[in-house]
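I opened the model today and kept short notes. Here is what I looked up, entry by entry.

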Amino acid sequence: MSRFDEIIDRRDSDSEKWRKYAGRDILPLWVADMDFAAPPAVLAALHRRIEHGVLGYGGPWPSLVASVLAHLESEYDWQIEAEWIVWLPGLVTGLNVACRAVEGDVLTATPIYPPFLSAPRLSGRALHRVELAFDGRWHWDKSALETASTATTRLFLLCHPHNPVGRCWSRDELSMLADYAERHDLVVCSDEIHCGLVLDQDKRHIPFASLSPETARRTITLMAPSKTFNIPGLGCAFAVIADPALRRAFIRAQQGIVPHVNVLGLAAGEAAYRHGSEWHAELLDYLRGNRERVIVAVDAEKGVKMGPVEATYLAWIDVRELGLADPAAHFEAHGLGLSNGADFGAPGWLRLNFGCPRATLDEALLRFSRGCRAA
Ligand SMILES: Cc1ncc(COP(=O)(O)O)c(C=O)c1O
């Protein structure tokens, strides 16, 4: 038995994921957190921090910063300087701050995690979209990309690995995007929150900014231990910005509205980076098994399909051929709560979060099959 098989009841907890369907027999496989306890080393660090007793204002300390630097170097062969780091309470905050820091229109690729669509609007920026292409596998449509950015486009919001399509962008694809950003003089804000969740063993996450010093100069990288170690409720994230002028603009845009990272998030982050690797390897193994179950279940049904999930614990499923007026409501009526593709700019698609114990997933997949057959 794996530690990830344990069912921890979240029904009457603070969980956003489970509270949505409180009192109804609907399994929530929507918002992107996992139903797993955090790594033991993280929980121990939190206990130690609580036992100290005083929870005043805090900030990052040298060994925490060193753990981030060491993690980025060992996992991604990416060397950064400590002063390039700007701590944040979350990546969505980072996306919104980036939109405010860079003057001009914003470009992003759809389907996409909804805050990429709302951040430009909330920041008073025009948004241009380019559709990713799907032919059984998701990829960039280079000619669509060329016409998507206008003379006033200044910021490109990149999701890498991509939520919801699950691609871990390759070096060739990233180099094509870096060349594109150079030619159109774009700042790239690369949201790499899922970087620790590459499931394919023949693939590696390559930070966009690590491609070259020129690319680093135009990049705001957003990262966090939150998805990988399942601690998103602790609100600990950071931006890496090599260029001093861009970093100053980013810091200026967050002044007065972005709070400190809370001290528990910082303590958890250091423990995760320093002592989380064994748990992390087990997690990836477990998620690979879950991914396989999802593929088998989707393949078995007529009228539904999905591309390979190279990274993340999210399956992006095309249900358009089922001909449902409201696919998310239909599956809820069959006891399964999925994310609605319309929110990602893609009506007719659903996102299924397979970061849960196998017993939960198996029941959810049974409900999925019933829902497909009843369509
Ligand atoms: C691509 C992406 N960015 C950001 C977030 C949320 O980040 P945070 O909770 O740190 O704001 C998510 C959560 O699902 C995500 O998938």
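Before any strand talk, I noted that two strands pair if DSSP finds at least two bridges between them. Helices (H or I, at least four residues) and strands (E, at least two) are DSSP runs, numbered from the N terminus.

**Ground rules.** This is a predicted model, where local features need pLDDT of at least 70, side-chain atom pairs count only at pLDDT 80 or more, and totals for chains, interfaces and linings use all residues. Residues are numbered from 1 along each chain as its sequence is written, and side-chain values use heavy atoms, with hydrogens and water left out.

**Entry 1: the whole protein.** I counted up the secondary structure and got 13 helices and 15 strands. I then checked the radius of gyration, which is taken over C-alpha atoms; the globule rule is 2.2 Å times the number of residues to the power 0.38. For 375 residues, a compact globule would come near 21 Å, and the protein has 20 Å, which agrees. The C-alpha atoms fill a box of roughly 55 × 55 × 40 Å along the principal axes. I looked up burial next. Buried means under 20% relative accessible area, exposed over 50%, and partly exposed in between (1.4 Å probe, protein chains only). Of the 375 residues, 58% count as buried.

Entry 2: Strand 12 (residues 314-318) pairs with strand 15 (residues 349-353) over 5 bridges. Which residue stands opposite Asp318 in strand 15? I found Trp349 there.

Entry 3: Strand 3 (residues 105-110) and strand 7 (residues 153-159) run parallel, joined by 4 bridges. Asp105 has Thr153 as its bridge partner in strand 7. Strand 7 also runs parallel to strand 8, with 5 bridges. There, Phe156 stands opposite Val188.

**Entry 4: strand 8.** Is strand 8 (residues 187-191) mostly covered or mostly uncovered? It is mostly covered, with 5 of its 5 residues buried. In a regular strand the side chains alternate between the two faces of the sheet. I found Val187, Cys189 and Asp191 buried on one side of strand 8, and Val188 and Ser190 buried on the other.

**Entry 5: the nonpolar cores.** A nonpolar core is a set of buried Ala, Val, Leu, Ile, Met, Phe, Trp, Tyr and Cys residues joined through side-chain atoms within 4.5 Å. The largest one has 70 residues; Trp87, Leu287 and Ile317 are among the members that touch the most others. Helix 11 (residues 277-299) gives the largest share, 8 residues. Apart from this core lies another, of 30 residues, including Leu88 and Phe116.

**Entry 6: Pro327.** Pro327 lies in helix 12 (residues 327-333). Pro327 is buried, at a relative accessible area of 10%. Contact means heavy atoms within 4.5 Å. Leaving out residues up to four places away in sequence, Pro327 touches Val319, Gly348 and Leu350. I also took its C-alpha to C-alpha distance to Ala375: 9.2 Å, across 48 residues of sequence.
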